[in-house]
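Subject: Structure handover

Hello,

Here is the structure I promised to pass on. Please open it beside this email and follow along.

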Amino acid sequence: MGRSDMTYPSTTLASTTAKDRPVISRRNRRDWLAGYLFVLPDALGLLVFVGLPMLLALGIGFFEVDGFGSYKFVAFKNYARMWHDPLFWSALRVTVLYAVMLVPALYVSGLGLALLVQRGGRFATVIRAMFFAPQMVSLVVVALVWQILLVEKVGAIGRLAAAIGWGPVSFLGDPNLALITLVAVSVWFMMGFYMLIFLGGLQDIPGEYYEAAKIDGAGPVTSFWYITLPLLRPTSFFVLLVSIVMAAAGGQVFDLIYVMTNGGPVNATAALIVYIYKQAFQLGAFGYASAMASLLVVMLMLVTLLLFALTRGGRFDHD
Amino acid sequence: MTDRQTSPAKSGLTRRRVLQGGAALAGGIAGLPFINRIARAQGAALKFWQFYAPGGDVKPQVKWFEDMVAGWNASHDVKVELEYVTNSEYMNGSKLSTAFASGEGPDIFIISPGDFLRYYNGGVLADLTPYIDDVAKADFPESVIANRMVDGKIYGVPMEVEPMAFYYSVKAFEEAGLNENDVPKTWDELLEVAKKLTTPNRYGVLFETTPGYYQNFTWYPFLWQGGGEFQGKDGKSAFDSPATVQALKLWQDAIKSGAAPRQVLSGGFDIVANLGAGYCAMQNVGVWGISAMDNNAKNMPYGIFKLPTPANGKYVTVGGGWAFVANAKGKNPEAAARFCAWALASKDQDSIQRVVDWCTVAKSDMPPRNSALAAGGAAFTNGKMGVFSKEVHPGTRAEPRVPPEVYKIISDAIQAAQLGGADPQQTATAASQQLDAFLASYSGAPIL
């Protein structure tokens with residue numbers, strides 16, 4: 001029973017008298033308070049470390065800021081600059097491409113691994129731990145190790161490529177390969193995390209559904225399409241939302257790109273978040289960087305709304 | 001539950017009290033930075049940010065910094081305190097930028113010429129001239145001090161000069177049937193020798209490939225050798241020139257020929273990770289490579305040669321190096337400026353010897369002062385350092401100081417030609433147009 005069911009009768013508030021109004025019990029009130037107190041630290045943290053900086057960034061986006069205390073109001077000049085900045089459009093293109101490649105890859109790999117390890121078995125725990133293991137290592141270390149593995153001629157993967165006749169190939173130095181290589185490393189690093197989320201979703205699906213389907217003659221593929229996927233809708237919504245936001249503005253993506261390519265070669269991996277960072281901290285254009293960051297937030301909000309609309313917030317059809 | 005029991009007024013939580021509490025909390029939070037600044041200004045030691053000590057892993061460098069600060073603190077009332085920032089965070093991170101943006105910048109810090117205009121135009125560099133004796137001023141060659149000066153005033157005291165050259169592996173040369181007489185003297189020879197040295201497991205020559213200030217720094221001498229500049233005397237862009245095109249083409253040809261890699265190990269400045277590890281046979285690195293090899297690749301025989309030149313070109317190399325600067329908006333700019341002058345630009349023998357020690361004991365660098373070069377004697381003229389002081393350094397030109405916007409335009413041009421395979425002429429023309437657009441609106445200190 002929800003709280004509203006307990007506290008308010010079906011009569012309208014206007015017609016209820018003080019005498020009729022149900023009284024919130026002391027215990028309910030304490031539960032209510034406890035709930036809010038539990039949420040309070042997180043809410044405060046979000047407000048102070050996310051909400052306020054976002055508002056400040058929005059404000060700074062209307063100023064020309066040199067990073068040494070000088071603020072000059074320039075209205076929408078920073079936003080107009082984006083329109084004429086080819087590197088901004090290049091960064092936006094890289095971000096979209098990265099997300100378009102990464103999000104489906106993470107979805108498929110995460111779900112695939114979860115299906116693979118959910119059956120249990122002798123080594124299930126070990127295999128789960130192995131897939132999740134990259135998450136336990138610092139991303140900077142991961143990036144450095146992959147950088148060495150991928151380097152042409154001397155890296156293990158570089159040598160393998162040469163051995164199979166691909167010649168000396170530079171995965172991170174070729175503008176045509178660098179982004180897709182970063183996507184591959186990102187998938188390798190993050191798929192274990194999404195595997196765990198999908199595992200949680202899979203374990204919520206009652207086994208009776210599969211048994212009934214089996215009795216009706218459904219094979220594994222049919223069961224997957226008509227039971228697993230539809231019942232994973234809330235999990236899928238969460239995975240898609242989190243991976244899109246991560247691909248566009250995640251700290252992990254930034255770390256990986258920053259260490260492995262620094263946005264190169266020829267800006268081929270300079271995603272918007274990297275370009276924003278460079279404009280702010282290397283070129284000193286804090287106002288312009290803030291304007292771009294604000295626009296990125298708006299774009300992510302729009303994508304989130306779109307995703308909500310398309311999937312009804314991950315709810316089931318009968319909800 | 002009764003109204004009496006639930007009334008906020010009775011329980012002490014009135015709306016007014018909540019508002020009062022909120023206001024007090026907000027006031028407290030807002031006042032913290034102010035209180036912090038007062039506390040900071042009252043007798044606290046001057047903070048000296050750099051990437052050497054006390055947390056650095058090269059002991060002689062840590063000792064040099066600690067000895068210097070101990071020497072100052074023993075004889076001055078205003079104390080100095082070292083604050084270590086990791087190399088990568090200092091050069092490419094956000095720590096310094098955010099510190100200045102929030103008005104909490106260090107009192108003393110070090111900068112390279114590439115960053116000079118950003119800080120000078122931001123108004124945070126203190127004038128050091130009043131604290132430097134005329135004799136000491138004259139001790140700094142024009143080519144070393146000019147890019148730290150504006151309108152005749154000195155805003156940074158250089159601690160080193162780091163000219164670029166080529167290092168080569170003697171073993172790789174021998175394997176290819178080459179010897180020291182085959183070291184390339186022209187660009188054509190450089191590419192030819194690089195091809196001979198290239199094997200399935202090794203590249204012949206290595207230029208920096210990672211975009212950044214360092215890559216620009218290493219590319220400048222190739223631009224200058226053909227007579228190129230990025231800004232003409234009329235203040236307009238001079239980037240669209242045959243010299244620019246041939247410099248872009250050289251790096252592009254090295255990649256296209258398969259003799260140079262598209263990716264470097266660790267960083268192009270790291271000689272041990274590249275030449276030392278056998279990834280390449282020749283590497284474009286600065287004078288610091290000597291101490292790096294001596295400390296970390298002792299058993300590897302290597303040689304040094306000055307940068308080859310293009311046909312009809314002249315020999316030039318670039319000399320980078322960092323400088324001590326004082327924060328004009330710090331808590332005691334005068335004391336900070338005095339410290340910079342005392343440490344590296346005093347006519348006292350201690351100051352001169354400090355420069356010698358930095359360039360010979362702590363690192364392998366060329367000294368920024370004539371007196372230090374003389375005082376160092378054999379340390380600068382023998383062995384590998386002798387090659388630098390006699391052959392490489394005489395052609396040194398100071399690293400240009402450019403605004404960040406100019407750096408980015410040049411960086412994109414280098415990357416486009418080197419790794420993107422773009423036409424060098426079109427790249428130079430496009431970059432030149434961007435430079436002109438920027439220079440037309442630039443109003444800071446002169447670009448040098």
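First, a term: two residues are in contact if their C-beta atoms, placed from the backbone, lie within 7 Å. Please also keep in mind that this is a predicted model.

**Chain A and its domains**

Chain A is divided into domain 1 (3-60) and domain 2 (77-314). Their centres, taken over C-alpha atoms, are separated by 36 Å. How many residues of domain 1 of chain A are in contact with domain 2 of chain A? The count is 4, and they meet 6 residues of domain 2. On the domain 1 side, the residues that touch domain 2 are 4 nonpolar, no polar and no charged.

**Where the chains meet**

Chain A also touches chain B. Here 30 residues of chain A are in contact with 32 residues of chain B. The chain A side has 14 nonpolar, 11 polar and 5 charged residues.

**Chain B overall**

Now turn to chain B. It has 448 residues, and 50% of them count as buried. It holds 22 helices and 13 strands. Its C-alpha atoms fill a box of roughly 100 × 55 × 50 Å along the principal axes. Take the contacts in chain B between residues at least 6 apart in sequence: 74% of these join residues at least 24 apart.

**Strand β7 of chain B**

Find β7 (162-169) in chain B. Is this strand mostly covered or mostly open? β7(B) is mostly covered, with 8 of its 8 residues buried. Both faces are covered. One side carries E162(B), M164(B), F166(B) and Y168(B). The other carries P163(B), A165(B), Y167(B) and S169(B).

Next, look at the strands that pair with β7(B):

- β9 (residues 280-286) of chain B pairs with β7(B) in the antiparallel sense over 5 bridges. Y167(B) has Q283(B) as its bridge partner there.
- β10 (residues 302-305) of chain B is antiparallel to β7(B) too, over 4 bridges. In β10(B), F305(B) stands opposite F166(B).
- β11(B) pairs with β7(B) over 2 bridges, again in the antiparallel sense. G319(B) is the bridge partner of P163(B).

**Helix α20 of chain B**

Helix α20 spans residues 383-392 of chain B. Which of its residues are buried? They are M385(B), F388(B), S389(B) and V392(B). Seen down the axis of α20(B), the buried residues fall within an arc of 125°, so they line one face of the helix.

**An open sheet in chain B**

Chain B has an open sheet of 5 strands with mixed pairing. The order is β2-β1-β3-β12-β6.

**The nonpolar core**

The largest nonpolar core has 199 residues. L128(B) and C340(B) have the most contacts inside it. Set aside the neighbours of C340(B) within four places in sequence. C340(B) is then in contact with I108(B), L128(B), V157(B), F324(B), V325(B) and A326(B).

Best wishes

Conventions. Residues numbered from 1 in each chain as written. Chains lettered and ligands numbered in written order. Predicted model: local features only at pLDDT ≥ 70, side-chain atom pairs only at ≥ 80, totals over all residues. Nonpolar A, V, L, I, M, F, W, Y, C, P; charged D, E, K, R; others polar. Buried ≥ 20, exposed ≤ 12 C-beta atoms within 10 Å, placed from the backbone. Arc of directions from axis to C-beta. Domains from an automatic or database assignment. Pairing = 2+ DSSP bridges. Core = buried A, V, L, I, M, F, W, Y, C linked by C-beta atoms within 7 Å.
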